[in-house]
Amino acid sequence: MSHFTSEDEALLQSMLRQLLQSVKEKITGAPSVECAEEILLHLEETDENFHNYEFVKYLRQHINNTMGSVIEEETEKCTSAQNQGEISGYDTLVQHVTKKTRESKEFSPLVDSHSSFLRTSQKRITLCILLNAFRRGNGNFIIHLKCSFIYTFKLQLLVERLDPIQPKEVRQEALQTLCFAPPSDVLNSEHWPTLRKHLTMSLSDPDATFSEKILRFYAKSFSSSPFNMTREVYTSLAKHLESYFLSGEYSLRISAGLDVSNTDINRLLKKIRLLNEYQKEAPSSWIRHPEKYMEEVVESTLSLLSVRYEPNHPASPDFLSPVYFLALLDIKAVWFKKWTHAYYSRTVVLRLLEKKYKSLINAAVQQCLDYFEFCKSVGNKNSRVNDFSQQDCSDKQNFSYTGPQLQYICFVHSLCLLGRLLIYKQGRNLFPVQLKNKKDSVSITDVLVLFTQLIYYSPVYPKTALTTHTDNYSPASLVMEILQVFCDQTGCTAECLYTDAVIDALLHPVRSLLSGTEVFINSLETTLIDVADILARIAAVEDGLSLLLYGENEKTAGENSPAAVHVIVQFTKKLLHEDISLLSGSEILPVVKGAFIFVCRQMYRTYEGLQLIIPYGLHESIGEAWKKTCLLSERVPTPVTGVDSTSSISLESKNILLWEETLLDALLNFSATPKGLFLLHSTGAMNDCVNFMFNSFSKKLQVS
């Protein structure tokens, strides 16, 4: 049987199937052989070149050499029996010959030899078949066939071809193939650890094509694979970046600025952006996995962000560390907010910060101190910050950052990170911190005083930058966000804000205005409104009110250090009498007055607060201001029926009416206590307050 004719094709195919089935049974626990059989049968039906494959030729020759004589003998016997009518039908003949051949003594050695052959060569043979099929347009079969065997062997070849020692063309072709494979199968493969090493090394390849394709595969993995798999992708990318920043290849400096349109810098930012996107998405799924997986992600991140030169290195202060790049992409540290939101992950993050990466906290505090020193240095020079904290928003083509702008961006990131950290008890336990250039340690109170001072020491913003973007990222706005959050957290407020040092820092501009000291405060009215807002929030809580009335220690409070209530009431009276020259003529002076009156309201609504305020005659000052405003409001024309009120009453008249209502509301609040009601009656505004309250109830407005 030296040649297979077309009439013997069915018999050959039957023998091939029987041989593979026998080998499959022989090699226990080798599902790859079963898959190989599926592949061969599929290719036989779909690939016209099936019989040209070397493996198929080998099987033909092997069967011919080993079983040729047996097959001929059985065929002759069966043909003779068929002629005698004992066997009918061609299919029955093929089945009978196959059965007899399989039961022959020659078949067992064939199976043994072929099993041994498959054990040593099945991967290479099958890969050749698969790759040939892929090249001939059978890619859909390879991608969609539900058999892990395909990806296992395919990946083995990809691992070999992605080795950095391979030619560039070979690696590019392998990367292209990898992008078609389902990420979950790749990450779940036994070859993934080796493949991950090759991919990590290829990320540093000078040819941007490699890193682009690898990042595309990483992004696809992040979006379609579970956290227990993607964590390895993330950590490999983080370690690659850490190695890059520590290598001699990296030489970027803060003072030189950053041109993000540069190809190399753009590639670096893409890598860090991919990390940051994963950082913000991972917390939604990592609670469903073991803590050690989450810890791997957290630690690789903190390790990367801790990269910096040694302090004695000549370029250490000017080193453009990974934190700067992360701040460029996530300026408000949203990633840290998400990581510390849930107790499950917050515990891990703060534990690692305490044990291994406290230098990150030190660096954040130092960044805030450096910015504050800058603010103090510009002082009363009316310095513009378009060189430091903001880019000109109108220049949409500017893709570069100066050194000062980079410093400011990192400051904002550090400020937001610290603000989030101090919300939690575990975070506050990380303080005090010891900075290398300061003799004394920096406590929580020191940090809060620093935050408060940033409200009124920040430089002036140029008009071209006065946009919503600027407001969101100005130091005063950022600090106000942080302090307002603190005021809403009971434990945080008591430990952070309820100290004389913080209250003194808040009242610094107020005391300066009262004493007539020269004030170097930018946006004075806005600063005073912000200060009043925080004071009112503190006064709204019993412990906070006690602090404003008596200080931290009631026994030690005296004339040399009067409690905050005295300073606030005196300043409010001066505002009502318009006795502060720096504020005269200000368009928003009524808003400043109303803000401080509201702080006083929070205090005189209680018996203790009223007792301390009575000697200042604040009720009389408010009553006089109300009467003066009433005279002005009488000149306001009555709205004409059928005419739009917004056009019949000027903006100035509206403001007068609003100010009158503010004063009436303030007087009405004196009625919260019997003594206060008596003081209200003495102002002569009792009836007007009752009418105001009735009208407010009629309009379903909130009345204190």
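**View 1. Eight named rings form one aromatic cluster: F222, F227, Y234, Y278, W286, W335, F336 and W339.** This is a predicted model, in which local features need pLDDT of at least 70, side-chain atom pairs count only at pLDDT 80 or more, and totals for chains, interfaces and linings use all residues. Residues are numbered from 1 along each chain as its sequence is written, and side-chain values use heavy atoms, with hydrogens and water left out.

**View 2. Here we meet F227 and W286, an edge-to-face pair.** Rings of Phe, Tyr and Trp (its six-membered ring) pair if their centres lie within 6.5 Å; planes under 30 degrees apart count as stacked, over 60 as edge-to-face and the rest as tilted. The count by this rule is 21 aromatic pairs. For F227 and W286, the centres are 6.1 Å apart and the planes stand at 80°, so the pair is edge-to-face. F227 is buried at a relative accessible area of 3% (buried means under 20% relative accessible area, with a 1.4 Å probe and protein chains only). W286 is buried too, at 2%.

**View 3. Now look at Y371 and F411, a stacked pair.** Their ring centres are 4.1 Å apart, with 20° between the planes. Y371 counts as buried at 2% relative accessibility, and F411 counts as buried at 0%.

**View 4. Two arginines lie over ring faces: R171 over F210 and R231 over Y293.** A charge sits over a ring if NZ of Lys or CZ of Arg is within 6 Å of the ring centre and within 35 degrees of the ring normal. R171 is at 4.2 Å from the ring centre of F210, while R231 is at 3.7 Å from that of Y293.

How values were computed: Buried means under 20% relative accessible area, exposed over 50%, partly exposed in between (1.4 Å probe, protein chains only).
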